[in-house]
Amino acid sequence: MRYVIIGAGAVGGVIGGRLAGSGHEVVLVARGAHFEALREHGLRLRVPEGELTHRLPVVDGPAALGELRPDDVLVLAVKTQDSVAALQTWGPAPVAGGGTAAERLPVFCAQNGVEGRRLALRLFRRVYGVCVWLPSTYVEPGVVSAAGSPLTGILHLGRHPHGTDETARLVAADLEKSHFEAPVVADVARWEYAKLLSNLGNALEAVTGPVSDEDALALFRRVRAEGAAVLDAAGIAYASTEEQQAVRGDKVTLVPLDGAPRGGGSSWQSLTRGTGTIEADYLNGEIALLGRLHGVPTPLNELLQHLADTFARERRAAGSMPVAELMRRADEAVVNMR
C-alpha cells in the first residue's frame, strides 16, 4: 500500500514520517512554505531518538500524481475547517483501472473532533475514523516533532460509522511497525467522542495559555462536564477516563526534544502560527450544536468557541487572556444563559 498524507503538518507529517521510516511508501501533500521546504530539504522529523530526515515525494494536489493507484490509502490530516476543500479536491481524482478516489479508495480521517468523518462520508464510500492520541508539533516549514516515548502515539482505527474490515487491520499492522499502537475497534466513534471531551480544553489553552494552575483546571472541569452532559442527553457513548488511561498507561510519555519545544496543542499552534483559522467550531462548537439539538445549555463551550474564533480572526497572541478574566466571562455567560 502507498500512503497519501493529505495535510502533512504536525499529525500528518509525523504519521507519514514514521511510516516512511519503517519502509512504507509515502506521499506528502502540503502547500505554501511547508511544501517548498519539504520538496527542497525533505521532511525533518524530530523524535526522542534524534532528528530523522525523509526524502519523500511531495505534491500540492492529485494532478501531480497522475492517476492514483488502486492500493493507495488516503490519510486526511488537515484541520476539520479545511476538510471540505481537501475532500472535494481528492474525491474526483482518477484511479488506475477506472473510477475515482471517492468511489474506490479508503480515506482515514486522522483529525480532532467528529465532523470530518461525516464530511468525508458525503463523498467517499469507504471512510475510517482515527482517534488521534499523538502529541505533535509543527515546528517550522519542513520540520515536525513528536516527543512521545516509548510510543509516538496511539491511533484507534475503525470503519465509520461502525465496524472493522481487512483494510483497517492492514493499516493498523503498518502503523504498529512504525512506533504506534493501533487498536482496530468496531466502535471507533466511542473513542473519538471521548477524545472530543479532552479537546474541549484546546480553546481554553489557546486563549489563556497552559491549563496548569488550579483556576484553569477547575474551569476545564466545568467545560468538560458541560460536554459530557450534552453527550449523555444525546445518547452518545464515549470511553471513560479510566478506560482511556488503562489503554494509554505510560506508553506515550513526553520527553524533552532538542530544538523542538512542546508549546501547546493544535489550537494553540494555530494561533501561534497566525493561520487565521482555528478548529473550535468543530470541538466546542460540536458541543454547542448538540446542546441546541437536545435542549442542554452550553454557555461555557459557546464562550470558548467565540473567543477562540475571535483570537484566530484577529490574530491575537496565544495565551494572552488572563485566566481570571476568562473566569469572570464564564460566570457571566452562565448567568446570562439562565
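R315 is exposed, with a relative accessible area of 53%, where exposed means over 50% relative accessible area, buried under 20% and partly exposed in between (1.4 Å probe, protein chains only). The structure is a predicted model, in which local features need pLDDT of at least 70 and side-chain atom pairs count only at pLDDT 80 or more, while totals for chains, interfaces and linings use all residues. Residues are numbered from 1 along each chain as its sequence is written, and side-chain values use heavy atoms, with hydrogens and water left out.

R315 is found in the loop between α13 and α14; helices (H or I, at least four residues) and strands (E, at least two) are DSSP runs, numbered from the N terminus. The phi of R315 is positive, about 55°, although R315 is not a glycine. A positive phi also occurs at H179, again not a glycine, with a value of about 75°. H179 lies in the loop between α6 and β13 (180-181) and counts as partly exposed at 35% relative accessibility. As background, most residues other than glycine have a negative phi, and most peptide bonds are trans.

Two cis peptide bonds are described here. One joins S149 and P150, with omega about 5°, and P150 lies in strand β11 (residues 148-150). The other runs from H160 to P161, with omega near 15°. P161 is placed in the loop between β12 (153-159) and α6 (166-176).

The loop between β12 and α6 also holds T164, which is partly exposed with a relative accessible area of 35%. Not counting residues up to four places away in sequence, T164 touches R159, R169, V184, V185 and A186, contact being defined as heavy atoms within 4.5 Å. T164 and V188 are 24 residues apart along the chain, and their C-alpha atoms are separated by 9.2 Å.

V143, in strand β10 (residues 143-146), counts as buried at 0% relative accessibility. Leaving aside neighbours within four places in sequence, the contacts of V143 are H34, R44, R46, T137 and Y138. V143 and L45 are 98 residues apart in sequence, with a C-alpha to C-alpha distance of 6.0 Å.

Helix α14 (residues 323-337) has 15 residues. From first C-alpha to last, α14 reaches 21 Å, close to the 21 Å expected at 1.5 Å a residue, the expected span being 1.5 Å times one less than the number of residues. The buried residues of α14 are V323, L326, A330 and A333. These residues cover an arc of only 80° around the axis, which puts them on the same side of α14; the arc is that of the directions from the helix axis to the C-beta atoms. The face turned away from the buried side of α14 carries the exposed residues A324 and N336. Among the elements covering the buried residues of α14 are α8 (201-208), α9 (214-234) and α13 (299-313).

Two packed helices are described by the angle between their axes and the distance between the axes. Here axes are lines fitted to C-alpha atoms, for helices over the stretch in contact, and angles run from 0 to 180 degrees between N-to-C directions. Angles under 35 degrees count as roughly parallel, over 145 as roughly antiparallel, 65 to 115 as roughly perpendicular and the rest as oblique. A crossing is left-handed if the near helix is turned anticlockwise from the far one by less than a right angle, and right-handed if clockwise.

The axes of α13 and α14 come within 9 Å and cross at roughly 130°; the two helices are therefore oblique to each other. The crossing of α13 past α14 is right-handed. In this pair, P299, L300, E302, L303, L304 and L307 of α13 meet L326, R329, A330, A333, V334 and M337 of α14.

For α9 and α14, the packing angle is about 30° and the axes are 10 Å apart, which makes α9 roughly parallel to α14. α9 passes α14 in a left-handed crossing. D215, A216, L219 and R222 of α9 form the contact with V323, L326, M327, A330, D331 and V334 of α14.

α9 also packs with helix α7 (residues 188-199), at an angle of about 150° and with the axes 9 Å apart. α7 is thus roughly antiparallel to α9, and the crossing of α7 past α9 is right-handed. The residues in contact are Y193, L197 and S198 of α7 and F220, R224, G227, A228 and L231 of α9.
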